[in-house]
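Student: I've got a model open and I'd like to learn how to read its side-chain features. Can you walk me through it?

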Amino acid sequence: MKVTADSCFGDDQVWPPGFRFHPTDEELVLYYLKRNICRKRLKLDITREMDVYKWDPEELPGQSILKNGDRQWFFFCPRDRKYPNGARSNRATVHGYWKATGKDRTISCNSRTVGIEKTLVFYRGHAPSGERTDWVMHEYTLDEEELMRCQNVNDYYALYKLYKKSGAGPKNGEQYGAPFKEKA
């Protein structure tokens, strides 16, 4: 089933208050990302496949399939390499670049490492003197051993969760859901 703005919203219809696409890190890696890499069908087509590095972060929310008002957006992206024989991704966009920040986090399920989460922050301008913005992206990749469990893998993808913080500094516990608007 494909979820689009037309099929979900109609003329005045919107998702009911409280509806969220809010999967855990394990669900993002083991269900969405792994199924996409293994070319298995997803029950709902709610995550667009596109190169997130060809767009500035302000343009990405408009490219999202799921338009439920939430302030988090999800995308599959083919892994692009900065150098042909290296593991480093090319994270430059037209007007800036995504810079990794903090430590990579392992994602485990039943004490088995299944993926890696990397946090990226968008900087406007050119490295190393770019200006930090409030746009943040989490990059989810499948662990190499978990990838070997997939058969018929042709392309390697990452899954990205994008959001914009409300200001400088860490915002632990900040909610990124759609604001509630009461209808008369």
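Tutor: Start with burial: buried means under 20% relative accessible area, exposed over 50%, and partly exposed in between (1.4 Å probe, protein chains only). Here, Trp 73 has a relative accessible area of 13%, so Trp 73 is buried. This is a predicted model, where local features need pLDDT of at least 70 and side-chain atom pairs count only at pLDDT 80 or more, while totals for chains, interfaces and linings use all residues. Residues are numbered from 1 along each chain as its sequence is written, and side-chain values use heavy atoms, with hydrogens and water left out.

Student: Which disulfide do Cys 38 and Cys 150 form, left-handed or right-handed?

Tutor: A disulfide is a pair of cysteine sulfur atoms within 2.5 Å. That rule gives one disulfide: the sulfur atoms of Cys 38 and Cys 150 sit 2.0 Å apart. The torsion about their S-S bond is about -75 degrees, so the disulfide is left-handed. Both cysteines, Cys 38 and Cys 150, are buried.

Student: And Cys 109, is that one buried or partly exposed?

Tutor: Partly exposed, because Cys 109 has 22% relative accessibility. Cys 77, at 0%, counts as buried.

Student: How many aromatic pairs are there?

Tutor: Rings of Phe, Tyr and Trp (its six-membered ring) pair if their centres lie within 6.5 Å; planes under 30 degrees apart count as stacked, over 60 as edge-to-face and the rest as tilted. The count is five aromatic pairs. One of them is Trp 73 with Trp 135, tilted, at 6.2 Å centre to centre and 45 degrees between the planes. Trp 135 is buried at 7% relative accessible area. Tyr 97 and Tyr 123 are stacked, with 5.4 Å centre to centre and 10 degrees between the planes.
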